[in-house]
Amino acid sequence: MTALLFGLNVSTSVESGSDPVADARKAEDLGFDFVSASDHLHGETPSFETWTVLSWIAARTSRIRVATRVLGVPYRHPPVVAKMAETFDRLSGGRLILGLGGGASDEEFRAFGLGFRPPRDKVDGLEEAVRIIRGLWSEGEFTFGGRLYETERAQVEPKPDRPIPIWLGTFGNRALAVTGRVADGWIPSLDMAPPERASLMRERIFAAARDAGRDPGAITCAYNLLVRVDHKADPRPSVVSGSSDAVVERLLGFVKIGFTAMNFKPVGPDEEEQAERLAREVIPAVRAAA
């Protein structure tokens, strides 16, 4: 049984009263294994840039891992991300989980002058990005000629001190196959991959891994979950909710179908209280039962 990992979402909001660094420090004190943040650059809601705020969080914590959930590949050129990630991981003492995705929001790409990418290009670009990043982390000079990205005798020094895990947020069949071929982890959201579909999606990933000569068991499956611990259940199917016992039972069902990591995003008011209830009432019970 792979050790279970539990993460907590950190908001990138700049609204009054928001303090992502304090939230991450609290998560560390509560015993969460990692914190994560989503990646959106465009919009009228005031927010921090994800990589910058997570770097600040890493500097103000000491143990907890830090995950990008997930960086939109088209926003940042892959060779640059390879350099950024090596620096982040080195300065944080080996705590980065590099989450990547093809980029869901076409509106954001247009707004920032990044053009339009059809789904095929998003998937192909994601795979090329991972191959470039891994190549730069492992080879002295790395040349890559892809359809969307390329490098010519590119060098990233120093090399990472450890294999930095790359988790992909993928859903379609081609993207799931990419995950199996090149990724260390898969992090879908419950609304996009409900349990009845997630098992089939997971099998597609594992089949692609086997075809590529990789060990499927080495791929971490991490569920991204909206959650609320409350005596009154939230009727939305995309929210894991109810009493602490009910939430524990639901999470154990996810473990049973192969998810060994879970990222929690508390919904509703009193998010700090929700984080404490998850840490004290839910996570220990899931660990004990699993």
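1. The largest pocket is lined by 33 residues, and those that lie nearest its centre are Val-70, Ala-104, Gly-169, Phe-171 and Ser-189. About 960 Å³ of space lies in this pocket. A pocket is here an open set of points, on a 1 Å grid over the protein atoms alone, with protein on both sides within 12 Å along at least five of seven lines; lining residues have an atom within 4 Å of a point. Grid points are joined across faces, edges and corners, and a volume is the space filled by probe spheres set on the points.

2. The model is predicted: local features need pLDDT of at least 70, side-chain atom pairs count only at pLDDT 80 or more, and totals for chains, interfaces and linings use all residues. Residues are numbered from 1 along each chain as its sequence is written, and side-chain values use heavy atoms, with hydrogens and water left out.

3. Helix H4 (106–111), H5 and strand S10 (220–229) are the elements that give two or more residues to the lining of the largest pocket. H5 provides the largest share, 4 residues. Helices (H or I, at least four residues) and strands (E, at least two) are DSSP runs, numbered from the N terminus. By class, the lining of the largest pocket divides into 13 nonpolar, 13 polar and 7 charged residues. Ala, Val, Leu, Ile, Met, Phe, Trp, Tyr, Cys and Pro count as nonpolar, Asp, Glu, Lys and Arg as charged, and the others, Gly among them, as polar.

4. The structure holds 1 cavity of 30 Å³ or more; a cavity is a set of grid points where a 1.4 Å probe fits but cannot get out. The largest cavity has a volume of about 40 Å³. Its lining consists of Leu-71, Gly-72, Val-73, Arg-76, Pro-78, Val-81, Leu-100, Ala-129 and Ile-133. Strand S4 (71–72), helix H3 (78–91) and helix H5 (119–138) each give two or more residues to this lining, which by class has 7 nonpolar, 1 polar and 1 charged residues.

5. Helix H1 (residues 20–30) packs with helix H2 (residues 50–60) at an angle of about 45°, their axes being 9 Å apart. Axes are lines fitted to C-alpha atoms, for helices over the stretch in contact, and angles run from 0 to 180 degrees between N-to-C directions. H1 and H2 are therefore oblique to each other; angles under 35 degrees count as roughly parallel, over 145 as roughly antiparallel, 65 to 115 as roughly perpendicular and the rest as oblique. H1 passes H2 in a right-handed crossing. A crossing is left-handed if the near helix is turned anticlockwise from the far one by less than a right angle, and right-handed if clockwise. Pro-20, Val-21, Ala-24 and Arg-25 of H1 make the contact with Val-53, Trp-56, Ile-57 and Arg-60 of H2, where contact means heavy atoms within 4.5 Å. By class, the contact of H1 with H2 has 6 nonpolar, no polar and 2 charged residues.

6. H2 also packs with H3, at an angle of about 15° and with the axes 10 Å apart. The two helices, H2 and H3, are therefore roughly parallel to each other, and their crossing is left-handed. From H2, Trp-51, Leu-54, Ser-55 and Ala-58 meet Met-84, Ala-85 and Phe-88 in H3. This contact of H2 with H3 has 6 nonpolar, 1 polar and no charged residues.

7. H5 and helix H6 (residues 173–182) pack at an angle of about 10°, with axes 9 Å apart. That makes H5 roughly parallel to H6. In H5, Arg-120, Val-123, Asp-124, Glu-127, Val-130, Arg-131 and Arg-134 meet Arg-174, Ala-175, Val-178, Arg-181 and Val-182 in H6. The contact of H5 with H6 has 5 nonpolar, no polar and 7 charged residues.

8. Most residues other than glycine have a negative phi, and most peptide bonds are trans. The peptide bond from Arg-69 to Val-70 is cis, with omega near -15°; Val-70 lies in the loop between strand S3 (65–68) and S4. The bond from Glu-157 to Pro-158 is likewise cis, with omega near 0°, and Pro-158 has its place in the loop between strand S7 (150–154) and strand S8 (166–168). Arg-153, in strand S7, has a positive phi of about 50° although it is not a glycine.
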